[in-house]
Amino acid sequence: MTMELLSGMQVLQSGGSNVVVIKLGGSALTDKSRGSGGVRAEVLENVASDLRYLRSRGFSVVLVTGGGYEAHKLAKEYGLGCKYVDSSRFSGAILTHIAAANLCEYVCKYLCERGIAASPLHPFSMTVLCGCNVEYFPIDVVEQLLVKGVVPVLHGDVCLDREYNFSILSGDDIVKYLCNVLLGVRCCIFLMDVPGILRDSGDEIYSTIYVSELDSVVHEVMSRGGTDKTTVVDVTGGIRKKLYVARDIARRGIPVYFASGFRKGVLRLIVDGLGTAGKDFTVVIPQ
Ligand SMILES: Nc1ncnc2c1ncn2[C@@H]1O[C@H](COP(=O)(O)OP(=O)(O)OP(=O)(O)O)[C@@H](O)[C@H]1O
Ligand SMILES: [Mg+2]
């Protein structure tokens, strides 16, 4: 480990738990059911405005964008996932990567043009998986960007896989990985197109979910076809997978919030400890 990296990690540590990891879900950024309308400017504006606030309060932010409509559609078309990809599908794998990378770059361009230095980091170019698990990922690149005050923006991507040639590393799994290896993560926030984890009725959301209750929440959500709405265009497990990721992160002592990308100011409410669980967001907490 170099001295430079050590000092970067110390800077992150000395700020206490000041890193906020935000998944900007493809469901918030794009219309995943139809793919029409392009990238949602309203959601990006909310995020830009809240990022400005978070940074003024001294928080370091890591963003992870989801695949969105286009990347999920291509991944499905080319049969990508956790299984062997033969050479006839290599071009499809790369096209899927390009779609996810384009969405990430669009977000970065939008933020940079509004004075928020945000840099795309493409997992495809920097990660090696083995059997769908991360084998190599240069976390020091993320740390060094944070130390310099730049927002690293990763995204769900197709990656090289030692066993399967290529496989998908979902944005949700990247969030989990970051929460495992980054120092000083204060909380993790999933922005979606719904205001939290929906209850039976679909009109209400769960308020606080303790880790110990998560399995039964997943059961409830799935027993009424929880992911039906998204399985068509989500190749990485939709809401079920997200809940399991939240469980693993919360077990490390990091609270996980689910909120809507349409809700203006919701990131501020969360980091300021304001807002009401069950109304403004659902929170998964350790216990
Ligand atoms: N009980 C539920 N609570 C919350 N969302 C649900 C529920 N059941 C189904 N969903 C759907 O799951 C979606 C969230 O999962 P999905 O993986 O599609 O979103 P995402 O992570 O934002 O997208 P991406 O994977 O492209 O980043 C929401 O759009 C919502 O419509
Ligand atoms: Mg998803």
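Is Asn165 buried, exposed or partly exposed, and how many other C-beta atoms lie within 10 Å? Asn165 is partly exposed, with 15 other C-beta atoms within 10 Å, where a residue counts as buried if 20 or more other C-beta atoms, placed from the backbone, lie within 10 Å of its own, as exposed if 12 or fewer do, and as partly exposed in between. The views below come from a predicted model, in which local features need pLDDT of at least 70 and side-chain atom pairs count only at pLDDT 80 or more, while totals for chains, interfaces and linings use all residues. Residues are numbered from 1 along each chain as its sequence is written, and chains are lettered from A and ligands numbered from 1 in the order in which they are written.

**View 1. The protein chain as a whole.** The protein chain holds 12 helices and 12 strands, these being DSSP runs (H or I of at least four residues for helices, E of at least two for strands) numbered from the N terminus. Its radius of gyration is 18 Å, close to the 19 Å that the globule rule gives for 287 residues, so the chain is as compact as a globular protein of that length; the radius is taken over C-alpha atoms, and the rule is 2.2 Å times the number of residues to the power 0.38. Along the principal axes, the C-alpha trace spans about 55 × 50 × 35 Å. Buried residues make up 47% of the 287 residues. Among contacts (C-beta atoms, placed from the backbone, within 7 Å) between residues at least 6 apart in sequence, 76% join residues at least 24 apart.

**View 2. The largest nonpolar core and helix H5.** A nonpolar core is a set of buried Ala, Val, Leu, Ile, Met, Phe, Trp, Tyr and Cys residues joined through C-beta atoms within 7 Å. The largest one has 84 residues, of which Val21, Cys188, Ile189 and Tyr257 touch the most other members, and its largest share, eight residues, comes from helix H5 (residues 90-113). Leaving aside residues up to four places away in sequence, Tyr257 touches Cys187, Ile189, Phe190, Ile270, Phe281 and Val283. The end C-alpha atoms of H5 are 34 Å apart, which agrees with the 34 Å that its 24 residues should span at 1.5 Å a residue, the expected span being 1.5 Å times one less than the number of residues. Among the buried residues of H5 are Ala93, His97, Ala100, Cys104 and Leu111. Just after H5, Gly115 takes a positive phi of about 85 degrees.

View 3. Ala28 lies in helix H2 and counts as buried, with 28 C-beta neighbours inside 10 Å. Not counting residues up to four places away in sequence, Ala28 touches Arg40, Val43, Leu191, Met192, Asp193 and Gly261. Thr30 lies in the loop between H2 and helix H3 (41-56) and is also buried, with 27 other C-beta atoms within 10 Å.

**View 4. Leu74 in helix H4.** Leu74 has its place in helix H4 and counts as buried, with 22 C-beta neighbours inside 10 Å. Beyond residues up to four places away in sequence, Leu74 touches Gly92, Leu95, Thr96 and Ala99. Leu74 and Val235, though 161 residues apart in sequence, are 9.7 Å apart in space, C-alpha to C-alpha.

View 5. Most residues other than glycine have a negative phi. Cys132, in the loop between strand E4 (128-130) and strand E5 (133-136), has a positive phi near 75 degrees and counts as partly exposed, with 17 C-beta neighbours inside 10 Å. Asn165, in strand E8 (residues 165-169), likewise has a positive phi near 75 degrees.

Definitions and conventions:
Contact = placed C-beta atoms within 7 Å.
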